[in-house]
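Subject: A structure to look at

Hello,

Here is the structure I promised to pass on. Please have a look at it first, and then read my notes below.

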Amino acid sequence: MRVKLILVFTALFLVLSLTQCKSKNEKNLVGVWQLQTLVINGALLQGNSLGNWLWEFNEQGGYLTDVAGMREKGKYTIKDSILTLKILIPKDGPTQVYKVIKLDTAQLDLFYFENHNRSTLHFIKRNVGDVAAGDKD
């Protein structure tokens, strides 16, 4: 009986731990992120040289990007350190998949590989009040 009780508590602990990891990543992702640096095949670009590059993620699984005035909206999922963006506007855009290198309450680092190009993106979290109304939707 004692062994069964220990197994039940262990299983409950594992389930709660796994649930908390997912919730923590999703919770940390929600907000407005601004690109600081972009490294493409070893070439370093400063985020401000690419315009005001902002990504916004909401609690309902939606996202909005604004890259130099080019806006994109869609749905996101984050699971097992993989961030998947499904573009809905412009209509039926491609799905983009990023490897999450680091995600906490202040920093987001992503890795992206496509067509033999390796990219690393470094974002910092912005307070919604810091972002001018004209900069985001």
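Let me start with a pair of charged residues: lysine 102 and aspartate 104 form a salt bridge, with 3.8 Å between the closest N and O atoms. A salt bridge here is a side-chain nitrogen of Lys or Arg within 4 Å of a carboxyl oxygen of Asp or Glu. Lysine 102 is partly exposed at 36% relative accessibility, and aspartate 104 is partly exposed as well, at 25%. (Buried means under 20% relative accessible area, exposed over 50%, and partly exposed in between, with a 1.4 Å probe and protein chains only.)

Before going on, a word on the source: this is a predicted model, in which local features need pLDDT of at least 70 and side-chain atom pairs count only at pLDDT 80 or more, while totals for chains, interfaces and linings use all residues. Residues are numbered from 1 along each chain as its sequence is written, and side-chain values use heavy atoms, leaving out hydrogens and water.

The structure holds two salt bridges. The other pair is aspartate 66 and arginine 71, whose closest N and O atoms are 3.1 Å apart. Aspartate 66 is buried, at 8% relative accessibility, whereas arginine 71 is partly exposed at 35%.

Now the overall layout. (Helices, H or I with at least four residues, and strands, E with at least two, are DSSP runs numbered from the N terminus.) Of the 137 residues, 29% are buried. Taking contacts between residues at least 6 apart in sequence, 38% join residues at least 24 apart; contact means heavy atoms within 4.5 Å.

Next, some strand pairing, where two strands pair if DSSP finds at least two bridges between them. Strand 5 (residues 70-79) and strand 6 (residues 82-89) are antiparallel, with seven bridges. They form a hairpin with two residues between them, and aspartate 80 in the turn has a positive phi of about 50 degrees. Strand 6 is also joined to strand 7 (residues 95-103) by five bridges, again antiparallel. That hairpin has five residues between its strands, and aspartate 92 takes a positive phi near 50 degrees there.

Which residues are the bridge partners of leucine 83? They include isoleucine 78 and, in strand 7, tyrosine 98. Leaving aside neighbours within four places in sequence, leucine 83 also has contacts with other residues, among them Leu29, Phe57 and Leu110.

Those names return in the largest nonpolar core, which has 21 residues. (A nonpolar core is a set of buried Ala, Val, Leu, Ile, Met, Phe, Trp, Tyr and Cys residues joined through side-chain atoms within 4.5 Å.) Leu29, Phe57, Leu83, Leu110, Leu121 and Phe123 have the most contacts inside this core. The elements that give two or more residues to the core are strand 1 (31-40), strand 3 (54-57), strand 5, strand 6, strand 7, strand 8 (107-114) and strand 9 (117-126).

Finally, a look at the helix. Asparagine 28 lies in helix 1 (residues 2-29) and is buried, at 8% relative accessibility. Not counting residues up to four places away in sequence, asparagine 28 touches Trp33, Leu103, Asp104, Thr105 and Lys125. Asp104 brings us back to the opening pair, as the salt-bridge partner of lysine 102.

Best wishes
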